[in-house]
Amino acid sequence: MSTLIDILTEKCPKCGKGKVFSEKGNIFLFRLPKMHTNCSHCNHKFEKEPGYFFGSMFVSYVVAVAEMIIFFLIANQFIDSYLTIVVLIGLLSVVLSTFNFRFSRMLWIYMLDGKNKQL
């Protein structure tokens, strides 16, 4: 359970104390999230090599599709128009884009570089 909390609070995968992101980003202000290069607490390097986070795009895709399916199943109970649901799903994906960016990178870091892993 502590690993899930560390992922959601965006803590370092090695020490669990330092923050991974310096800025959360805001899609409405056209700002992407920014990562620290190293942990401020244990100096752990987050990006091991160029292209390290390429795989997190696939994780982000899976997270976004899961959100869309869940939203569709809930919205389908209350809204009759499929066009309205599709538009709302599009808006949902834009609103959650910076969250998905951060969440997918955190999942990727913890899958490949968690507390007990050696890279």
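Asp 113 counts as buried at 1% relative accessibility, where buried means under 20% relative accessible area, exposed over 50% and partly exposed in between, calculated with a 1.4 Å probe and protein chains only. This is a predicted model, in which local features need pLDDT of at least 70 and side-chain atom pairs count only at pLDDT 80 or more, while totals for chains, interfaces and linings use all residues. Residues are numbered from 1 along each chain as its sequence is written, and side-chain values use heavy atoms, with hydrogens and water left out.

**The pair of Asp 113 and Lys 14**
- Asp 113 forms a salt bridge with Lys 14, and the closest N and O atoms are 3.5 Å apart; the term stands for a side-chain nitrogen of Lys or Arg within 4 Å of a carboxyl oxygen of Asp or Glu.
- Because Asp 113 lies in helix H4 and Lys 14 in the loop between H1 and E1, this pair ties together parts that are 99 residues apart in sequence.
- Lys 14, with a relative accessible area of 26%, is partly exposed.

**The network around Glu 10**
- Salt bridges link Glu 10, Lys 24 and Arg 102 in a network.
- Glu 10 and Arg 102 meet through their side chains at 2.6 Å, N to O, and since Glu 10 is in the loop between H1 and E1 while Arg 102 is in helix H4 (residues 97-113), the pair ties together parts 92 residues apart in sequence.
- The side chains of Glu 10 and Lys 24 form a salt bridge at 3.3 Å, N to O, with Lys 24 placed in the loop between E1 and strand E2 (34-35), 14 residues apart from Glu 10.
- Glu 10 is buried at 5% relative accessible area and Arg 102 is buried at 10% relative accessibility, whereas Lys 24 counts as partly exposed at 45%.

**The chain as a whole**
- The protein chain has four helices and two strands, which run α-β-β-α-α-α from the N terminus on; helices (H or I, at least four residues) and strands (E, at least two) are DSSP runs, numbered from the N terminus.
- Of the 119 residues of the protein chain, 31% count as buried, and the C-alpha trace spans about 50 × 30 × 25 Å along its principal axes.
- A search of the whole structure finds four salt bridges.
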